[in-house]
Each structure stands twice: as C-alpha cells, then as structure tokens.
Amino acid sequence: MEYFGVLRSRVVRLRRGREVVGVFLGTHFPRLDDKGRLILPAKFRDGLAGGLVLTKGQERCLVCWPRAEFDAYAETLRVGSLTSERDRAYRRMLFATAHDDVPDKQGRVTIPPALREYASLGRDIAVAGQDTRLEIWNAPAWIAYEAAQEQAFAELDSEGDPMR
C-alpha cells in the first residue's frame, strides 16, 4: 500500500524509536481574523510552539504539521523516485506551496492567501486533529465530509480497517 508515494512500512520504520511530541485530537471551529490569521486552539499550541509548516492536503484542506513531523515526513519522500512523474509532481506541489511559521504569543499563525484560496477558507473554519498533524478545513466542507464518511466508518470491521 502506498502512502504519498512511499511505502507505508517505510514510514512506520522511520518513526519507530522517535519520540512523537503529542497527539492532536478533536475538532474545533475557530475563525480567521481579517488578516487571515488563525488563532490555534489552546490545546494544540504546545505541540506547535516550536514552529509549523502548512501544506496543501487532499480533499481541498490544509495540513498543519509540527516542524519536526514535517521534517521527518520530508525525509521519507527522499526515498521516492526522481524519475517517477507522480513522485515529482507530488513533491513539487507539497514543497512549492508550503509555508512555515511560528505562532505568535497569542497562538496566531498566518495562512497565506494562496493556501486560503486552495482550501476555500472563509471566516469560519474547522481544525481537525489527525494524530501527529492537524487539518484545516472550510467549516461547511468539513461538516459535509464528516457526514458523508459516517456510514462507511460505522461499517468498518477488522478486515476493512484501512490501517491494517
């Protein structure tokens, strides 16, 4: 099974023995201010205090990585083929559109206009914990996505577990 162009087992092996700073859980509905800044939910601030990287994600959301997690993920991408058009395209989109930042004293980070446009972010947004990273969604899009996935999630059993 592939995971962003690299084998999932390679990702797991690289992460073994490495301390994961924290687990991001829950969904929060903050608002962007007029300058395009997100006030991070208080429970996520410690895990992002050392810096973060914002990238485009799938399903038109943004991914907010703690800097150390992004660096570890970037390392896994280096095992991908430089001759594979798919791998090159993914790396181009990920790295060329990424934005690094450090939250200010109030826990705010600026989401650049191009990333806000990609994810159709307006004033109301959703921040969803995804274990070692966060996803930032347009709030109505997140609510619709979550509703659409409820039945499929409820029907998963151990054979259908996508993580096995």
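Which residues touch the most other members of the largest nonpolar core? Select Leu38, Leu48, Leu62, Ile111, Leu121 and Ile136, out of 20 residues in that core. (A nonpolar core is a set of buried Ala, Val, Leu, Ile, Met, Phe, Trp, Tyr and Cys residues joined through side-chain atoms within 4.5 Å; buried means under 20% relative accessible area with a 1.4 Å probe, protein chains only.) Helix H2 (42-48), strand E9 (125-129) and strand E10 (134-138) are among the elements that each supply at least two residues of this core.

This is a predicted model, where local features need pLDDT of at least 70 and side-chain atom pairs count only at pLDDT 80 or more, while totals for chains, interfaces and linings use all residues. Numbering starts from 1 along each chain as its sequence is written, and side-chain values use heavy atoms, leaving out hydrogens and water.

Next, colour the open sheet: 6 strands in the order E3-E9-E10-E6-E5-E7, with antiparallel pairing (strands pair if DSSP finds at least two bridges between them; strands are DSSP E runs of at least two residues, helices H or I runs of at least four, numbered from the N terminus). E3 (27-28) and E7 (99-101) stand at the edges with a single partner strand each, so one side of each has no neighbour in the sheet.

Now zoom in on E5 (residues 52-56), which pairs with E7 over 3 bridges; Val53 has Asp100 of E7 as its bridge partner. Helix H3 (residues 67-77) packs on the sheet here, touching E5, E6 (62-66) and E7 (contact means heavy atoms within 4.5 Å).

Definitions and conventions: Axes fitted to C-alpha atoms, helices over the stretch in contact; angles between N-to-C directions. Buried < 20%, exposed > 50% of the residue type's maximum accessible area, 1.4 Å probe, protein only.
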